[in-house]
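Colleague: I have just been handed this one and would like a walk through it. Could you show it to me before I start asking things?

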Amino acid sequence: SPVIDDDGLVVHESGAIIDHILRRHGGGRLQPAAGTAEYEAYNQWLHYAEGSAMLPLMLRLYVGRLGEAGAPLKPRIDSELANHLGYVDQALQGREFLVGNSLTGADIQMSFVAEAARDLRTQYPAMDAWIRRLWARPAYQRALERGGPYALATP
């Protein structure tokens, strides 16, 4: 599970980790100024990833392992996937990033949603283009070099 130890302060949960790192070490980068409308949108996306968008993706994974026993749940899960991935895709139409004009922690947090939906991404072209832009960033490439291959980060 995602856990960091930052000088004795243990932080868990992906969104909390991103928030902590940016507030403590970001120097004002990768997040809008607090108190702005952009900050509120940023904060919502930061929590939307795990609070809403990942649920149908995880249900699909779990129910898929049930075989035919899970078949009755598939239409509902597919509907929720379409709702959430469609929402993300619509939010990204005509935009480079989820919030504002530059990369934020919300893009980093939401990137796993797009990666986990890898077999569905072609149905959501704005989301697909967005994740490909993130993968092409030099910092992302350096992270892969440092951390090693990452199975979900492929076209």
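Colleague: Is L30 buried, partly exposed or exposed?
Modeller: L30 is partly exposed, with a relative accessible area of 30%; here buried means under 20% relative accessible area, exposed means over 50%, and partly exposed lies in between, with a 1.4 Å probe and protein chains only. Before going on, please keep in mind that this is a predicted model, in which local features need pLDDT of at least 70 and side-chain atom pairs count only at pLDDT 80 or more, while totals for chains, interfaces and linings use all residues. Residues are numbered from 1 along each chain as its sequence is written, and side-chain values use heavy atoms, with hydrogens and water left out.

Colleague: Where does L30 lie?
Modeller: L30 lies in the loop between α1 and α2, the latter covering residues 37-64; helices (H or I, at least four residues) and strands (E, at least two) are DSSP runs, numbered from the N terminus. The phi of L30 is near 65 degrees, which is a positive value in a residue other than glycine.

Colleague: And what is the phi of E13?
Modeller: E13 has a phi near 85 degrees, again a positive value in a residue other than glycine. E13 sits in the loop between β2 and α1, where α1 spans 14-25, and E13 is partly exposed at a relative accessible area of 42%.

Colleague: Let me step back, then. How many helices and strands does the protein chain have?
Modeller: The protein chain has 6 helices and 2 strands, and along the sequence they follow the pattern β-β-α-α-α-α-α-α. The radius of gyration, taken over C-alpha atoms, is 16 Å, close to the 15 Å that the globule rule gives for 155 residues, so the chain is as compact as a globular protein of that length; that rule is 2.2 Å times the number of residues to the power 0.38. Taken along the principal axes, the C-alpha atoms fill a box of roughly 50 × 40 × 30 Å.

Colleague: What share of the residues is buried?
Modeller: Of the 155 residues in the protein chain, 37% count as buried. If contact means heavy atoms within 4.5 Å, then residues 24 or more positions apart account for 56% of the contacts with a separation of 6 or more.

Colleague: Back to those strands: how do β1 and β2 run?
Modeller: Strand β1 (residues 3-6) and strand β2 (residues 9-12) run antiparallel and are joined by 4 bridges, where strands pair if DSSP finds at least two bridges between them. I4 has V11 in β2 as its bridge partner. The two strands form a hairpin with 2 residues between them, and D7 in the turn has a positive phi of about 55 degrees.

Colleague: Now the helices. Which residues is P56 in contact with, leaving aside its neighbours within four places in sequence?
Modeller: With those neighbours left aside, P56 is in contact with I77, E80, L81 and H84. P56 is found in helix α2 and is buried, with a relative accessible area of 3%. P56 and E80 are 24 residues apart in sequence, yet their C-alpha atoms are 6.0 Å apart in space.

Colleague: Where is the place of A82?
Modeller: A82 is in helix α3, which covers residues 74-92, and at 37% relative accessibility A82 counts as partly exposed. Leaving aside neighbours within four places in sequence, A82 is in contact with Y87 and Y124. A82 and L120 are 38 residues apart in sequence and 9.4 Å apart from C-alpha to C-alpha.

Colleague: How are the C-alpha atoms of G27 and A82 separated?
Modeller: Those C-alpha atoms are separated by 37 Å, with G27 and A82 being 55 residues apart along the chain. G27 is in the loop between α1 and α2, and G27 is exposed, with a relative accessible area of 77%.
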